[in-house]
Amino acid sequence: MRFFFLLGLLLWLGLGASSWAHRIYVFANYEGKEIQGEVYFNDGRPAKAQIEIEADGEVFKTETNTQGKFTFTLPHPAHRIKISAYAGMGHKATVVIKGQNAGKPVSKQPAPGQQTPAQQALGPSWRDIFCGLGYIVGVFGFLAYLKARTYGSKKRPEN
Amino acid sequence: MHISEGVLNPPVLLLGGIFTALGTAVGLKYLTPEAIPRAALLTAAAFVASLVHIPLGPSSVHLVLNGLLGLILRWGAFPSFLVCLFLQAILFQFGGLTTLGVNTFNMAFPAVVMAYLARPLLNKGTRGALVAGFLVGSLAVFGAGLLVALELSFTGENFRTAARLILAAHLPVAALEGVICAFICSYLKRIRPEILR
């Protein structure tokens with residue numbers, strides 16, 4: 001019980017606090033020859049990341065500024081652009097912009113004050129957390145069932 | 001310290017998978033029916049702990065709890081982290097399925113090693129348990145950080161730079177983890193010493 005109390009206390013402490021990097025998000029926008037993008041950590045902080053742009057097989061490299069933004073001008077328009085962001089310590093994210101509509105804007109820039117999808121992804125929901133805890137109970141419950149069956153039959157041999 | 005998909009190269013991923021499979025096999029043997037509820041409880045704690053961010057100075061940290069799992073579950077830490085990281089990967093996209101083996105190994109292996117090394121200390125009364133708890137709690141986090149740095153070094157990242165960065169970032173976590181682990185350990189030593197045997 002004391003353990004659950006501690007767990008509850010930790011959960012409560014964690015609410016509202018800014019977060020530790022678990023994953024990064026890359027958000028990009030392509031128009032004409034110009035790529036604009038942003039890289040965020042899961043709590044919305046901008047990430048300093050190395051950017052690799054693969055446009056129709058050609059590879060270009062750039063990096064984000066301190067606001068987590070980058071812009072890059074391709075030498076010519078491309079049909080398939082793969083953008084990988086690498087923020088160190090094992091954090092990587094990739095986004096692919098494909099285009100029959102290459103040359104046209106493929107994702108709309110959010111209006112000022114509006115959140116990008118990356119910023120909206122503020123972290124796991126309570127639903128996911130309790131879902132995970134439920135699975136843990138289930139998995140170990142099943143394991144206990146399997147083990148208890150063999151264990152029990154060893155202890156009490158059949159009459 | 002969750003390594004994402006597509007960062008490491010295949011041999012490292014494969015090796016991590018093999019080591020984790022072996023560790024999990026040993027761990028499943030090791031978990032007696034009596035130990036399973038304990039393993040479930042600690043898995044739940046580790047699963048939730050990485051979502052709980054404790055503000056500390058300019059940044060914030062989250063607990064890893066791998067040392068605690070190693071101390072109490074020993075090899076059982078492998079199946080425990082496997083379940084925990086699998087759920088974190090599919091529910092929150094922390095880490096990934098291809099890196100599951102490597103990530104599980106990174107967490108569980110240093111914890112198991114530290115727990116075995118600390119065994120003699122654990123038998124030396126409550127004070128011994130306090131020291132053992134601190135050492136295992138903090139060093140298991142550093143061990144995990146070193147493994148991450150080592151694996152990243154195979155992808156071309158400089159080992160010393162990566163290691164320095166990761167260890168510096170985890171210094172506060174290691175200290176906090178050590179203190180928490182020390183208290184839990186000495187508490188268990190007093191009320192339920194058989195758990196730590």
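**The sheet in chain A**

Analyst: In chain A, four strands make an open sheet, in the order β4-β3-β6-β7, with antiparallel pairing. Keep in mind that this is a predicted model.

User: Which strands stand at the edges of that sheet?

Analyst: Those are β4 (58-63) and β7 (92-98) of chain A; each has a single partner strand, so one side of each has no neighbour in the sheet.

User: And what does the twist average from one strand to the next?

Analyst: The twist averages 15° per step from strand to strand.

User: What actually holds strands together in a sheet?

Analyst: Strands of a sheet pair through backbone hydrogen bonds, and the pairing can be parallel or antiparallel.

User: OK, back to β4(A). How many bridges does it have with β3?

Analyst: Six bridges, in the antiparallel sense, link β4(A) to strand β3 of chain A, which covers residues 50-55. To spot one of the pairs, find Ile51(A): its bridge partner in β4(A) is Thr62(A).

User: Switching to chain B, what's in there?

Analyst: Chain B has eight helices and two strands. Starting at the N terminus, the order is α-α-β-β-α-α-α-α-α-α.

User: Why would you call its radius of gyration a match for a compact globule?

Analyst: For 197 residues, a compact globule would come out near 16 Å, and chain B has 16 Å, so the two agree. The C-alpha trace of chain B spans about 45 × 40 × 30 Å along its principal axes.

User: What share of chain B is buried?

Analyst: Buried residues are 58% of the 197 in chain B. Also, of the chain B contacts with a separation of 6 or more, 75% join residues 24 or more positions apart.

Notes:
Residues are numbered from 1 along each chain as its sequence is written. Chains are lettered from A and ligands numbered from 1 in the order in which they are written. This is a predicted model: local features need pLDDT of at least 70, side-chain atom pairs count only at pLDDT 80 or more; totals for chains, interfaces and linings use all residues. Two strands pair if DSSP finds at least two bridges between them. Axes are lines fitted to C-alpha atoms, for helices over the stretch in contact, and angles run from 0 to 180 degrees between N-to-C directions. The radius of gyration is taken over C-alpha atoms; the globule rule is 2.2 Å times the number of residues to the power 0.38. A residue is buried if 20 or more other C-beta atoms lie within 10 Å of its own, exposed if 12 or fewer, and partly exposed in between; C-beta atoms are placed from the backbone. Two residues are in contact if their C-beta atoms, placed from the backbone, lie within 7 Å.
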